[in-house]
Amino acid sequence: MTVPAPRARRRPSTLGRLLPLLLIGALLAPLGLLVTSNWRQITADRDLAARERLGVQYLTALAAVTDALVEAQSNAVNGRPVAREALNGAVEEAAAVDARIGGELLSQERWAGVRAKLEALRGRSATDPEAAYTAYGEVSDLLLALHRKVRESSGLVRDPEADSFFLQDSVGQELPEAVVAAGRLADLGTLVSRRPAAEQPRGLMELTGLRVTALTPAADLVDNLRSAVDGSESTDLGANVLTPLDTYQRSVEALAAYSLPGKDTGVVNPGQLSAAALNSHRSARQLQPVILNELDALLVERIDRLNRDRWLTVGAAVAAALLLGWLTALLVAAGRRARRRAALAATHAESPDTPPHHDLWQPPVDEPRALQPAGAARDPETAPWGAFDAAR
């Protein structure tokens, strides 16, 4: 009987040894790409929120300048002394804010133009109300343009959350436009009442157009704030905003009523219109800081949430890296053990001291049959002759 020789173990190839590591790398590459992409997105959102906070700071300074400018315009048109202290203080505060963050918001050039126009108002004579109305109107237009520039450069116009988007639109666009337009409406009513009778019809047409300009942003402001409250998860937003918003809405309704010509006289009562505009300005002054504070609080909360998300991303990446490292170590250790066993087997097979393998029931070729173990089977062809010889 032929006994097959033992088969030698095949040593694993280089590709076989590297295959587990290649699989680990194939898993690690998309995981690293996912973590990197998530980190970049969270960082971009956080940087946007931090930049928006700079915009809120700048808009807060511009709000004080706007209020002081509208009040100074009303005093100049009505022949009252202009309170320079309030306007100068607001300008200095805005200049300090611009010096600190204006470079990042790209607003320094525009602020320099606005400030130059504000400085020019100091030397203007109060004897010509019409000229004062025009001069203050030019500065107000530049100031509103600066509001838009700050919102764009700070990213407030690209805010991704519904509640904060409506808040920034309200405080950065609708409310300043409504305040400036309401002041102009009241001052124009005063000027029209002083004009000759022949110019009254044209003055009423101007009042009608300016009335629409004043009431449209005010109505949009109310809608925006109510949308912000309805779409926000903050429980404090509605409680803090709705009360001053209702006050402002009632003042705007009174301004709309008193800006219409009387049924009997056909003209606008300048005294009632000025009082309604002043009441609207006061209610807007109460509403404005509330919106700014709520907007800043939402941005701070968002930054905190994004910071937590960044740490979670780092933690998940570290955990995944440790898990893959542990798995790699197991595969490397298993490969080493396999190579060690293969080397030992090859050494054992090639050693000259190893006795050859024999079958106990198959005698060697050169061994006589007499030396075979007792009870071994005889050749069947010779068995009968052996029996016959024994009988003889």
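This is a predicted model: local features need pLDDT of at least 70, side-chain atom pairs count only at pLDDT 80 or more; totals for chains, interfaces and linings use all residues.
Let's start with burial: a residue is called buried when its relative accessible area is under 20%, exposed when over 50%, and partly exposed in between, using a 1.4 Å probe and protein chains only. Residues are numbered from 1 along each chain as its sequence is written, and side-chain values use heavy atoms, with hydrogens and water left out.

Now for the overall layout. The chain has nine helices and zero strands, taking helices as DSSP runs of H or I with at least four residues and strands as runs of E with at least two, numbered from the N terminus. Along the sequence that reads α-α-α-α-α-α-α-α-α. If we say contact for heavy atoms within 4.5 Å, then among contacts with a separation of 6 or more, 78% join residues 24 or more positions apart.

What about the inside? A nonpolar core here is a set of buried Ala, Val, Leu, Ile, Met, Phe, Trp, Tyr and Cys residues joined through side-chain atoms within 4.5 Å. The largest one has 60 residues, and the members touching the most others are Tyr58, Leu69, Trp111, Leu118, Leu167, Leu225 and Tyr248. Two or more residues come from each of α1 (14-77), α2, α3 (108-122), α4 (129-154), α5 (162-194), α6 (200-230), α7 (235-258) and α8 (270-350). Helix α1 gives the largest share, twelve residues. Apart from this core lies another, of 17 residues, including Tyr133, Ala181, Val268 and Leu273.

Setting aside neighbours within four places in sequence, leucine 167 is in contact with Leu225, Ala228, Leu237, Ile291, Glu294, Leu295 and Leu298.

Then there's isoleucine 101, which sits in helix α2 (residues 84-105). Why does isoleucine 101 count as buried? Because its relative accessibility is 5%. Not counting residues up to four places away in sequence, isoleucine 101 touches Leu54, Gln57 and Tyr58. Leucine 54 is 47 residues away from isoleucine 101 in sequence, yet their C-alpha atoms are 7.1 Å apart.

On a 1 Å grid over the protein atoms alone, a cavity is a set of points where a 1.4 Å probe fits but cannot get out; a pocket is an open set with protein on both sides within 12 Å along at least five of seven lines; and lining residues have an atom within 4 Å of a point. Points are joined across faces, edges and corners, and a volume is the space filled by probe spheres set on them.

The largest pocket comes to about 380 Å³. It is lined by 22 residues, with Ser74, Ser274, Ala277, Leu278 and His281 nearest its centre. Helices α1, α5 and α8 each supply at least two lining residues, and α8 gives the most, nine.
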